[in-house]
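Open the model in a viewer and keep the selection panel at hand. The stops below are given in the order in which to select them.

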Amino acid sequence: MGKSTGFLEYDRENNAAAEPKARIKHYQEFHLPLNEKERKRQGARCMDCGVPFCQSGMMMKGMVSGCPLNNLVPEWNDLIYTGNWQQAFNRLKKTNSFPEFTSRVCPAPCEAACTCGLNGDAVTVKENEYAIIEKAYAMGFAKATPPKIRTGKKVAVIGSGPAGLAAADQLNKRGHTVTVYERSDRPGGLLMYGIPNMKLEKWVIERKIEMMKEEGVTFVLNADVGRNYKGNKILQKFDRVILACGASNPRDISAPGRDGLGIYFAVDYLKSVTKSLLDSNLEDGAAISAKDKHVVVIGGGDTGNDCVGTAIRQGCASVTQLEMMPKLPDMRTEDNTWPEWARVCKTDYGQEEAIAVFGHDPRIYQTTVKEFVKDAEGKVCKIITVKLSQETDAETGRKVMKAVEGSEKEIAADLVLIAAGFLGAQGYAAEAFGVEISERGNAATEKGSYQTGTERVFAAGDMRRGQSLVVWAIREGREAAKEVDKSLMGYTNLA
């Protein structure tokens, strides 16, 4: 695919990012796409390798290698090279319900598994995908296509994150009548309120939601199923139900002083900022503010980085990010070979911005909070940290982190954001349908299936598999839709 000698002739060229000190002045996306000529060259770099690991979606050593959606990457890279944008869009949409989302927020396991990256730089798969979908909207290829025939079957989808939207999109295309229930005031779930605007502008989500509405999907907002909407009423009204409520039960930090004012879960902080931005351009004062505050973010990963970038845009006085685990190596180690996901240290946009503004990386590794210190008014004013050492547990053989005596330090903290991951689904929606919650905090389903123990009720996405990537959520939604369709019709022709 691509040009047979393209990977030898053309270097990888990424979309340019605005300088950190310029982009922190706004909440918009900050990458500038390449022109069409250069984008075709990037498509030409796809090297017609014998085994395209980029589209494999295999699990290797507990990590995904290649695209979980099995995107036909070499095919649409070739179509970019030849300038056949409509066919490239058609091939992309065969496997991916929402390339407008994944091309912005996916960590690109496809590129980590690219054969070109074995001895050089990987193909710009993610940015090529972005070029295809945005060209499709600009040229009118991406448009509403309502089903011509309706089956008379009705499906309720609980949750409008990537899994719920993917399931709804597929089942609606099949001709079923789909209603999506969302507890927030806007559809999109994690995409809308869990990811900051500078990573995924919300008009991108709204554009797709409007198209889904034109195709016949109904959205019911402010519908907190299990609370203000009863599960048994929904089951009476619909032939099938899919639970796609996410894994939004945040992991807390247990330390003295945790009840201090000014300590928030990262998801609540990010939602407050995005909602205020959308409602009033931040003029309503409803956002949790980091302005002029010493901010401590507890936890690494994408969410921790998003908190860093958001706090800087709000004008924080300082920002520190605590990570329990040791710093990853800068280069692959011998036991982390291609095409495995590269376990290397990544400096993301928020950390880049912190370095530009404050002159140093905000991350402190192998460190956790020992105590939150409150002032006379009960507000957090500083934290006491302790270093951690990685040791091997004698009984289990697992690596564990243990506090190092005498390593305590004080850090000023007016605002603390806990980004320590999630423990699973908030159980009340599952309970509303009599669905069991597993030991891991997820909706329990039959092995190898999306069917729960409750007749006619299915589960998908983070609610079923636990916190994961947007691409996995989309795959789960599509796979659940196939299973639901087969249960309704006796067969399925969904891809």
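Select helix 4 (residues 73–81) and show what covers its buried residues: helix 3 (36–44), helix 5 (85–95) and helix 8 (125–139) are included in that cover. Contact here means heavy atoms within 4.5 Å. Helices (H or I, at least four residues) and strands (E, at least two) are DSSP runs, numbered from the N terminus. This is a predicted model, in which local features need pLDDT of at least 70 and side-chain atom pairs count only at pLDDT 80 or more, while totals for chains, interfaces and linings use all residues. Residues are numbered from 1 along each chain as its sequence is written, and side-chain values use heavy atoms, with hydrogens and water left out.

Within helix 4, colour the buried residues: Val73, Pro74, Trp76, Asn77, Leu79 and Ile80. Buried means under 20% relative accessible area, exposed over 50%, and partly exposed in between (1.4 Å probe, protein chains only). An α-helix has 3.6 residues a turn, so residues three or four places apart point the same way. Step just past the end of helix 4 to glycine 83, which takes a positive phi of about 80°.

Next, display the cavities. On a 1 Å grid over the protein atoms alone, a cavity is a set of points where a 1.4 Å probe fits but cannot get out, and lining residues have an atom within 4 Å of a point. Grid points are joined across faces, edges and corners, and a volume is the space filled by probe spheres set on the points. The count comes to three cavities of 30 Å³ or more.

The largest cavity holds about 110 Å³ of space. Its lining has 13 residues, and Cys67, Asn71, Cys106, Cys110 and Glu129 lie nearest its centre. Helix 4, helix 7 (109–112) and helix 8 each supply at least two residues of this lining; helix 8 has the largest share, with three. By class, the lining has nine nonpolar, two polar and two charged residues. Ala, Val, Leu, Ile, Met, Phe, Trp, Tyr, Cys and Pro count as nonpolar, Asp, Glu, Lys and Arg as charged, and the others, Gly among them, as polar.

Move to the second largest cavity, with about 80 Å³ of space. Of the 15 residues that line the second largest cavity, Cys46, Cys49, Cys54, Cys114 and Thr115 are the closest to its centre. Helix 4 gives the most to this lining, with three residues. The classes here are 13 nonpolar, two polar and no charged.

How many disulfides does the structure hold? It holds zero, a disulfide being a pair of cysteine sulfur atoms within 2.5 Å. Select cysteine 116: the closest cysteine sulfur, in cysteine 114, is 5.0 Å from its own, too far for a bond. Cysteine 116 is buried, at 7% relative accessible area.

Now go to strand 14 (residues 380–392) and pick threonine 385. Threonine 385 counts as buried because its relative accessibility is 4%. Not counting residues up to four places away in sequence, threonine 385 touches Leu322, Thr367, Thr368, Val369, Lys370, Ser407, Glu408, Lys409 and Ile411.

Finish at strand 17 (residues 415–418), where Leu415 and Leu417 point one way, Val416 and Ile418 the other way, and all are buried. Strand 9 (residues 263–265) pairs with strand 17 in the parallel sense over three bridges, with isoleucine 263 opposite valine 416. Strand 10 (residues 294–298) also pairs with strand 17 in the parallel sense, over four bridges, and valine 295 stands opposite leucine 415. Two strands pair if DSSP finds at least two bridges between them.

Note on methods:
On a 1 Å grid over the protein atoms alone, a cavity is a set of points where a 1.4 Å probe fits but cannot get out, and a pocket is an open set with protein on both sides within 12 Å along at least five of seven lines; lining residues have an atom within 4 Å of a point.
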